Amino acid sequence: MDCEIVLLVENIDICRYFYRETLGLGEPEMDSNFEVIFRLNESTVLVLEQCDAKYLEHSSSACRFALNISDFEVLKHRMQKNGTPLTEEFTRYGKKAFRGIDPEGNVFGVIL
């Protein structure tokens with residue numbers, strides 16, 4: 001089963017940079033002015049979709065996603081340097097986890 005996580009974003013350029021560089025997802029599989037697609041694994045992609053809707057409230061969105069991160073210390077440093085530090089540690093499925101926020105307020109999880 002394939003999975004597509006779609007985030008509606010206002011500023012696709014800022015979000016592209018954040019997910020590529022700060023989160024370390026690397027170069028997108030597809031990159032345009034209205035859609036950016038990052039391959040997370042063989043069957044999952046993260047899609048940033050340009051949306052100018054004024055009603056978007058990212059931080060109160062009911063949808064969240066979580067990523068397994070291999071080099072946590074590097075990510076933690078990049079997030080702090082970016083001005084978006086990770087939250088205090090909590091447990092998810094018996095594993096250490098943290099919450100992060102992208103530049104537009106979209107909340108995501110980081111699982112170790």
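Strands (E, at least two residues) and helices (H or I, at least four) are DSSP runs numbered from the N terminus.

The model is predicted: local features need pLDDT of at least 70, side-chain atom pairs count only at pLDDT 80 or more, and totals for chains, interfaces and linings use all residues. Residues are numbered from 1 along each chain as its sequence is written, and side-chain values use heavy atoms, with hydrogens and water left out.

**Strand pairing**

Two strands are taken as paired if DSSP finds at least two bridges between them. Strand β5 runs parallel to β8 (residues 107-111), and 4 bridges join the two. Within this pair, Phe65 stands opposite Phe108 of β8.

A further 4 strands form an open sheet of mixed pairing, in the order β1-β4-β3-β2. The edges are held by β1 (3-9) and β2 (30-31); each has a single partner strand, so one side of each lacks a neighbour in the sheet. Strands β3 (residues 35-41) and β4 (residues 44-50) run antiparallel and are joined by 6 bridges. Ile37 has Val47 in β4 as its bridge partner.

**Helix α1 and its surroundings**

Helix α1 (residues 12-22) contributes the buried residues Ile12, Cys15, Arg16, Phe18, Tyr19, Arg20 and Thr22. At the start of α1, a side-chain oxygen of Asn11 comes to within 3.1 Å of the backbone nitrogen of Asp13. The backbone nitrogen of Asn11 in turn lies 2.5 Å from a polar side-chain atom of Glu104. Glu104 is located in the loop between β7 (95-101) and β8, and it counts as buried because its relative accessible area is 18%.

Arg16 also belongs to helix α1. Its side chain makes a polar contact with the side chain of Asp13 at 2.7 Å; such a contact is a pair of N or O atoms within 3.5 Å, where within protein one must be able to donate a hydrogen and the other to accept it, and residues adjacent in sequence count only if both atoms are side-chain atoms. Arg16 is buried, at 10% relative accessibility. Just after α1, Gly24 adopts a positive phi of about 80°.

Relative accessible areas for selected residues are as follows.

| Residue | Relative accessible area | Class |
|---|---|---|
| Cys15 | 0% | buried |
| Phe18 | 1% | buried |
| Tyr19 | 0% | buried |
| Cys3 | 38% | partly exposed |
| Gln80 | 47% | partly exposed |

Gln80 lies in helix α2. Gln80 and Thr22 are 58 residues apart in sequence, yet their C-alpha atoms are 9.7 Å apart in space.

**Aromatic groups and the nonpolar core**

A search of the whole structure gives 4 aromatic pairs. Rings of Phe, Tyr and Trp (its six-membered ring) pair if their centres lie within 6.5 Å; planes under 30 degrees apart are stacked, over 60 edge-to-face and the rest tilted. The rings of Phe18 and Tyr19 have centres 5.1 Å apart and planes at 85°, so this pair is edge-to-face. Ring pairs connect Phe18, Tyr19, Phe65 and Phe108 into a cluster.

Elsewhere, the charged end of Arg99 sits over the ring of Phe90, 4.2 Å from the ring centre. The criterion requires NZ of Lys or CZ of Arg within 6 Å of the ring centre and within 35 degrees of the ring normal.

The largest nonpolar core comprises 22 residues, of which Tyr19, Leu48, Phe65, Phe108 and Val110 touch the most other members. The elements giving two or more residues to this core are β1, α1, β3, β4, β5, α2 (72-82) and β8. Its largest share, 4 residues, comes from α1. A nonpolar core is a set of buried Ala, Val, Leu, Ile, Met, Phe, Trp, Tyr and Cys residues joined through side-chain atoms within 4.5 Å.

**Cysteines**

With a disulfide defined as a pair of cysteine sulfur atoms within 2.5 Å, the count is 0 disulfides. Cys15 is in no disulfide, and the nearest cysteine sulfur, that of Cys51, is 12 Å away.

How values were computed: Buried < 20%, exposed > 50% of the residue type's maximum accessible area, 1.4 Å probe, protein only.
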